[in-house]
Amino acid sequence: MITFLFFLLRISPGDPSQKFLSPDLSPKLASLIKESFNLNAPLISQYETFLMNLCKGDFGISYTYRIPVIDVIKSFLPFTIIFSLISFVVQISFGFLLALISVRRINGIADKTFSKLSLMIYALPSFVVGVSLIFIFSELLNLFPSSGLSSFDSESFSFAQKLIDYSRHLILPVITLSLGGVAVYYKYLRDNLEEVYNKPFVENLRAHGFDEKYITRKHIIPNAVNPLISVAGVELGLLFGGALITEVIFALPGMGRLTVNAILSRDYPLVTGCTFVAGILVIITNLAADLIKAKLDKRVVKGILN
Amino acid sequence: MRSNRLFFLILIFSLLLIPACQKESPVNNDRVVTAIPSDIESVNPLFAFDLNEGNISELLYASLVEHGWNYQKGDMDTFPMLAKSWQWSKDSSSITLNLRDDVKWSDGQQFTANDVVFSFDLYSDPLIQSKLYGSFKNFYVDSSQHIDLKKTFTITNPYLLTINFKKNSTPSFYDIDFPIIPEHVYKNVSRKDFVTAEKEIKPVTNGAFYLAAWNKNQSIILKADTKSFLYKPGNVSEIIFKIVPDYNSRITQLKRGEIDLVQDVKADDFPILKKDENIDLVALKGREYDYVGWNNIDPDVYKKSKKIVPNKLFGNPLVRKALTYAINRNEILNEFLDNHGDLAWGPISPIFKSALDTTLSPLPYDVEKAKELLASAGWKDVDQSGVLKKNGQEFSFTLYIPAGNPRRDFVSTVIKNDLQAIGIKVNIEKLEPEVFFQKMYGRELNAWMAGWTIPIPIDLKPFWYSDFSEAPLNVECYKNKTVDALLNKIETTKSESQKNILYKEVQEQIYKDEPVTFLYWVDKIIAYNKKIQNLNVSPLGPFNRAWLWSVK
Amino acid sequence: MSFKIKVWHFIVFLMLLLIMLRINLLMNTFLLIIQFINLFVYSPSAADAQLEFTFFDSIISAILVIIIPVLTFLFRQRINFLQRKISFTSFVIIFLLSFFLFAPLIANTNPAFQKDLAVTKLLPPFSSIKVIHLKSDQNKIENSLSDFINLKNLVVKRSFDESLIFADSISIGNDLTYFQKGFPTSLSKDKLILKNNQPFITSKYFILGTDEFGRDIFSRLIYGARISLFVGLGSVLITLFLGLSLGFLAGYPGGFVDTTINRITDMFLAFPVIFFIILIIALFGNSLMSVIIVLGFSGWMSLFKIVRGEVISLKNKDFFISARLLGLSKTKLLLKEILPIIIAPVIVNLVFQYGNVILAEAALSYLGLGTGGSYPSWGSMIEAGQNYLSQAWWMILFPGAALFLTLFAANNLGREINSTLNPRLET
């Protein structure tokens, strides 16, 4: 993947040194600058140095920020991780909550409205949601700030104030990012729950006179949640890659915007760095999902045996 | 269980709502907050490539002299700064500067002439690639444009410095007006790794402000240095550059009083903001013009063989004039810029009153005249297909614009329609800015739209000289021997009034040839809260001498 | 029992409505066709110069608007779909399809038409303006060609028109004075087209308002539907081709090839697709074609997984082995033996993919990387609307709603097909 990216970037039109060349400079000097970025060397030798550095964990120096890529990513990654985790938790918990409510009475009013709503929300593009939220809550009602992560004077705030400041800035982005996910998880969980609900072993338990609450908690939920975990793993990985559109709308300092800006300004080392980090995060979350699944499985197995 | 869950839900919602009820924190009284669209990359004046970086670095670091705009003259005045006084030699080939002895760097070290010499050294060092690298034309430099320090500087004592300029050059104050950086801080940094190593060093400044905090992608906070020679009690104590990428949020926050100064306000918002009693608006006559570039030569032939062949479509001045006649520039000016601008007809901004040739005026919007000119150049709609043809070739071309610039989008759309009405097929293609500028500077484009900000002092040579190696900005490949001769003459002329006469002659030549379609000069609209006093918006930007501000 | 509106009722009704509303235009179009044939016979080269896409577009939609209701009526018994009760999904889909086919008929204005910005800029929905008609001094030479061109200008909507002036209000004295944004301008009456000795003045309505260029949002919306549909269908076809062939290539021989392709697919699945798309578009420029291709190339992974899984499970079945032993070529094996079996999941996947593509195209346009300024696209309309959010809500509402309805219909369609084919999952 990284190799593919490297060559793709190099063969594309556009020149990163453009930015540093004041047009007053003569072409001779321009090539000098290119030299300093090692852009004039043959492709293969560029690739060699690149791979060598990669092995050392060194992505090189970002052209635009003029500091090591790792440091740039370090300053953007924490936000992305926290932001996606918050959104992830919101997605899962709301999806789960609503699914439980609607499963209690299949085809009841709640079930029907939620199902219809989830389909509609799923069809709402996030940029439409984001822009409308800004319009309603920032421009008309003036309740929340429309962009950024914190107020400029947040330095002087106490810890509690800071926390409030952050959450004020994050409410609209979290809603924008999570809305689609809530709908997906809701649908997925609801269908799973319903399926497990009607499985023979559940009927069997019921026939044995077990309490419905007990059955739901100990048997139905674990069984329904299980397949969700691997889905959630993939989703979380993608979230880490950056909730691009949301970050753009709300001007948040996250990986998505970083990557896109890096692509647009032809900052090769930064693009590779970002991609690499996104890939690693995807692998980690998938691994975590597998581990959790294995753990849960045992418990389910045990539960049934008992 | 049901009530449990209900309680839980209420809890969540109330948690979500609490922050909404919180009041904004009280605003510090003598602080000014301004918004910039993106974070800067460096506060070091060596690398202050973009406008805001320049503004910030000039607030942090003092220069030898400073400039202010003189509206009567339409030119700049020079004031003392780090240099208390100065003396030009009789033939103005050298200047002796009397430096202030009361300036301290923010780490307590004394500022001396050594800092000045060191700054010239760094700015011109090819290893550092500063923003001024290559611009020291009036100095003794070696083959790599590095200033020859021995030949150039004579330090009589730590506060008396003489600068010797190159023989037969025409030096001015602009050659020595840039922020000075501390020698003791950067002396031992290896020049080779300077670009990265410099990032690790905390800025040590000597200007009116010091860098109090820089929160990446959030804000840059400058605080007034009370010990600075530029400081007066009662002046603004803090200037904050808040990063707000979204334009609409900048305007909303300005209205709410969260931000005190916004630059580059869209003309659409002018009337709305005008109604706000807390906000003052300034529409600054600009020195930025937009133009449609018509490549005077054939770009494909030039790329292949470096040969100069007139462009098939735009090689003829009649055609270029016709295109200008056909574009309704007044409509653009009225509807997109809300009349905050002036029609342009040449490369010298109306702000340079003495250099402007007032006998010329912009070509009007005249479709019939355009058709006539095109017909006289051989372009006619022979088969009534709605498209002009000449020798079987259709008049159609692609107009390139850089992506992500609403003004370019708007104007190019109008141009496309206007030209279609006289039978010219236009296809608009947006390119990523990086790609666009690479192609434009490579002279590969046939037709494009861009803008130039013309420098203070006026410098026409890079734009219109016909030897491309000396005129990297002559991307439309304009060639006119008379203009070349005039430009060369300007370079060696010292008298300002003589120069102005020559400038006028250049304008007449360019007016005659219409190498590009000059569209309009754009006013720069700046909106600020009325609480800021002494804010002087000049062509040098709102932050020129910002330390004189006070807050009501 | 109440009368049920079936799909074919709706189609026929819609077409008839369209014909009634645009009867003038239709008549002109057919006249134009006759004149064109006439012209073609007498001077083929002159006729040739008049050919352009918009010309064909108008003609084809005029012909189709007659043919389709007839065909629908004739085949109403044969085609199952036409007998269904009209549902929300089919309602939206039929609307979209008719936008796609009859855009020149439905939209009264060229989507790029702009004139007198001072009057037309950012008009709210349902506003109207006055139109002054000037005498055209061109085409004074009377010949068959000028007749033809006059007619053509009536049928094929151009993006400019010098013979009109738009005004906010008009007062008529000796001269005609019209007001644009409060500025009066006088015109002598001899320049105008007169009717009963009075200047001929009409009104122009903008049902959904105008954008910042004074362009008609309604017609941009209609033409935008075309772009969405075109991009969607184009890239779904590419996805189909890639998914099918790669899936077969991997699943059929198995072993090393299978593992390699499968690994690559996993890799693509792990990398956030939108970055990949932006990367390619940013690097190689954005045009309609490149957007279609990139979107097509970015969505084949799930289809690949489906096809590969099916091929692996099928290739050991008896009927498949016997077909192979009969000596059928690989392409034939794929098309004749495998495709019919996996068609159901493939179609469902493609319908969902179609929704994704439309969304991605809109998102790209929103980021300014879409199909470029030459075509009105819903995403770019939304993006433009965001800049005028507080002044012109209609600029963002209508394209936003159109996008939402399309996505909703696509998702619903996918689910409906899925549940018909897979009753177990019906909810």
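The model is predicted. In chain A, helices α4 and α7 cross at roughly 40°. Chain C holds 17 helices and 8 strands, and 22 of its residues are in contact with chain B.

**Helices α4 and α7 of chain A**
- Helix α4 of chain A covers residues 69-104 and helix α7 of chain A covers residues 159-197; their axes come within 7 Å.
- The crossing of α4(A) past α7(A) is right-handed.
- On the α4(A) side, the contact residues include A:I86, A:V90, A:F94, A:L98 and A:V103.
- On the α7(A) side, they include A:V174, A:L177, A:Y185, A:R190 and A:E194.
- By class, the residues of this contact are 16 nonpolar, 6 polar and 2 charged.

**Chain C as a whole**
- The C-alpha trace of chain C spans about 90 × 60 × 50 Å along its principal axes.
- Of the 427 residues in chain C, 38% are buried.
- Taking contacts in chain C between residues at least 6 apart in sequence, 75% join residues at least 24 apart.

**Contact of chain C with chain B**
- The contact pairs 22 residues of chain C with 22 residues of chain B.
- On the chain C side, the elements giving two or more residues are α3 (44-49), α7 (117-120) and α8 (144-155).
- That side of chain C has 11 nonpolar, 9 polar and 2 charged residues.

Conventions:
Residues are numbered from 1 along each chain as its sequence is written. Chains are lettered from A and ligands numbered from 1 in the order in which they are written. This is a predicted model: local features need pLDDT of at least 70, side-chain atom pairs count only at pLDDT 80 or more; totals for chains, interfaces and linings use all residues. Axes are lines fitted to C-alpha atoms, for helices over the stretch in contact, and angles run from 0 to 180 degrees between N-to-C directions. Helices (H or I, at least four residues) and strands (E, at least two) are DSSP runs, numbered from the N terminus. A crossing is left-handed if the near helix is turned anticlockwise from the far one by less than a right angle, and right-handed if clockwise. Two residues are in contact if their C-beta atoms, placed from the backbone, lie within 7 Å. Ala, Val, Leu, Ile, Met, Phe, Trp, Tyr, Cys and Pro count as nonpolar, Asp, Glu, Lys and Arg as charged, and the others, Gly among them, as polar. A residue is buried if 20 or more other C-beta atoms lie within 10 Å of its own, exposed if 12 or fewer, and partly exposed in between; C-beta atoms are placed from the backbone.
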